[in-house]
Amino acid sequence: MNMRRHLALTRAGIMESLQYRLSTAVTLFANLIYLVLVYFLWKAIYDSAGTDVVNGMTFTDTMIYLILATALFNFLEMFVVWDMSRSIQSGKIILDLLKPMKFREYTFWSYSGGHVIQFVLTFIPTFIVVMIVTHGAINMGVNLLYFIVATIFALIVNFNMEMIVATICLYTESTWGINIVKETVVLLLSGASIPLAFFPEAMRKIVDYLPFRAVYDIPLTILLQKDGTDTIKGVLPMYGLQLAWIVILTICGTLFWKHAVRKITVNGG
Amino acid sequence: MENAIVMKNVCKEFKILNRHEGLKGSIRDLFSRDYKTIEAVKDVSLEIARGEIIGYLGPNGAGKSTTIKMMTGVLEPTSGEILVNGLVPYKERKKNSEHIGVVFGQRSQLWWSLPLIESFKLLRDIYMVPQKDYEEMLELYRSLVDIEPILHKPVRQMSLGQRTLSDILAAFLHNPPIVFLDEPTIGLDVSMKDKIRSLIAGLNEQKNTTVILTTHDMGDVDALCKRIVIIDEGKKIYDNDIEHLKSYFGSYRTLRMRLADDTWEERLIDESREDVMDVIMKKQKEQKIKDIQLQEISTEEVIKKIYEGGNRS
């Protein structure tokens, strides 16, 4: 496969993101406020629990998990749904459809540069701060490598979910409500706002196999070496789940998108 | 030689929901299956040779954009055949788009926050243009327009004219055999229009690019197109060169006479029915004529007559 097109899009995405330096600073600041809130909320929860360990996680564990989840959220966040609905309304989508690339491929690689920048500007600084504050609670070993692979898979799963929701919006012609529902569901079921360890047993069993978990919970679990992921034997089933969802969502997303494009080409959108 | 574009009996229908009035009507629409069919393009056949510049005209809502969208592959015709560069566009949209360039008047395909040169580089890579061809193209651009001042300017800081110019350059960058220009001069000042016309003419001449131009500005047509196609209400009503257009309704000329009180009187004369000399002589019997001017009817006036329904009978 010739990567010239893809890397060119990544490069342009990086340059575009760098135009908006201020917005990165604002994101970091907003995170800080959010994390203060999270800190006091969970402090209260642990205080009222009366024990140091709740659901197998200490207060420090929970905080590290949630802080990194927030950082990961900023890094993985995509605006495919918003951008697509805007470009449909303005009619600009025609110009994107007329690029000599598959639309999904084109979209994915257009966003890739932004992710690279977000990773460097929000995730890495947060990670370093967590490292310093917790005096090395995170192991610096091969788990970092496992984590990066899991994050790339997470990115692809997340992109697929975004594309599917964006495609639904093509049919409904309204975006706001559907996107809010999607964001809430993802944040709740992926572990981005509450660690999955805190879910009731029955619910946990279901959530464990849903694609949302592949986005935030799996990379973080691997990074923090929980649930037996301190060996490759424990990591592989996690990758397996992520890859399974990548395959399923890619196939569904592609077919769904093809159907939607046919609708546009037949009825003029 | 093979034609750039062939359309045979192309029709395009849209199904749209019949909307009802008022709150009650809106609620009814939620469950309504009451569709009506609109025929946007009716039985249009067209052949366009390589290297031609075609003026594709018609009043607003006549079906111009729909035809263009079908040629680019974004819309699928309801019936009929289209071949662009020998490909069926809606079936092979990706492949087709490698060989066409598009400019849609008020939308830009450029990367908003980046300098123009970065958009060029990106398009070069997306269309897999060899570096040598890319440099030759930039050289050609430099010889046709002064691109240095805009090349390193972010697109969002450009004036509308500069942006349109940039978009046209971007559409030609991968040297496509066909370029679609949908109202490229909309909203531009006189000197920018002139620049853009000479740029299009220059590129067409140098690269033998087929250009399909839709516009409402007859200046564009007069400056660029030898052949024009007019559609109205989805039907092709005229397809010939621009000279023939002027005699489309008979040969009209405008006679202007300056009368004794220094006012000008204007009359549109159909030469197939009355003679110019007769009109002048008749007038001269009534009063003194100080000066006479005879003007060819402008393209704009002919088009206006056509749009206003000269041919709807």
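Trainee: How many residues does the contact take from chain A and from chain B?

Mentor: Remember that this is a predicted model. The size of an interface is often given as the accessible area lost when the parts come together. Here we count residues instead. Chain A gives 22 residues to the contact, and chain B gives 24 residues.

Trainee: Which helices of chain A each supply at least two residues of the side that touches chain B?

Mentor: Look for helix H1 (4-18), helix H5 (93-97) and helix H11 (232-267) of chain A. H1(A) gives the most to that side, with six residues.

Trainee: By class, what does the side of chain A that touches chain B have?

Mentor: That side has ten nonpolar, six polar and six charged residues.

Trainee: Let's stay with H1(A). How many residues does H1(A) have, and what does it reach from its first C-alpha to its last?

Mentor: H1(A) has 15 residues. From first C-alpha to last, H1(A) reaches 21 Å, close to the 21 Å expected at 1.5 Å a residue.

Trainee: Which residues in H1(A) are buried?

Mentor: Start with the general idea. An α-helix has 3.6 residues a turn, so residues three or four places apart point the same way. Now the case here. The buried residues of H1(A) are Arg5(A), Ala8(A), Leu9(A), Ala12(A), Gly13(A) and Ser17(A).

Trainee: What covers the buried residues of H1(A)?

Mentor: Both chains take part. The cover includes helix H6 (103-133) of chain A and helix H4 (116-126) of chain B.

Trainee: On to chain B. How is chain B divided into domains?

Mentor: Domain 1 of chain B covers 5-246, and domain 2 covers 252-310. Their C-alpha centres lie 38 Å apart. The contact between them takes twelve residues from domain 1 and eight residues from domain 2.

Trainee: Which elements give two or more residues to the side of domain 1 of chain B that touches domain 2?

Mentor: They are helix H9 (218-224), strand S8 (227-232), strand S9 (235-241) and helix H10 (242-246) of chain B. By class, that side of domain 1 has nine nonpolar, no polar and three charged residues.

Trainee: Now a sheet. What is the order of the open sheet of three strands in chain B?

Mentor: Read across the strands: S2-S1-S4, with antiparallel pairing. The edge strands are S2 (35-48) and S4 (79-84) of chain B, and each pairs on one side only. The twist averages 30 degrees from one strand to the next.

Trainee: How many bridges join strand S1 of chain B to S4(B)?

Mentor: Five bridges join S1 (residues 5-17) to S4(B), and these strands run antiparallel. Find Ile5(B): its bridge partner in S4(B) is Val84(B).

Methods:
Residues numbered from 1 in each chain as written. Chains lettered and ligands numbered in written order. Predicted model: local features only at pLDDT ≥ 70, side-chain atom pairs only at ≥ 80, totals over all residues. Domains from an automatic or database assignment. Contact = placed C-beta atoms within 7 Å. Helix = DSSP H or I, 4+ residues; strand = E, 2+ residues; numbered from the N terminus. Nonpolar A, V, L, I, M, F, W, Y, C, P; charged D, E, K, R; others polar. Pairing = 2+ DSSP bridges. Axes fitted to C-alpha atoms, helices over the stretch in contact; angles between N-to-C directions. Expected span 1.5 Å × (residues − 1). Buried ≥ 20, exposed ≤ 12 C-beta atoms within 10 Å, placed from the backbone.
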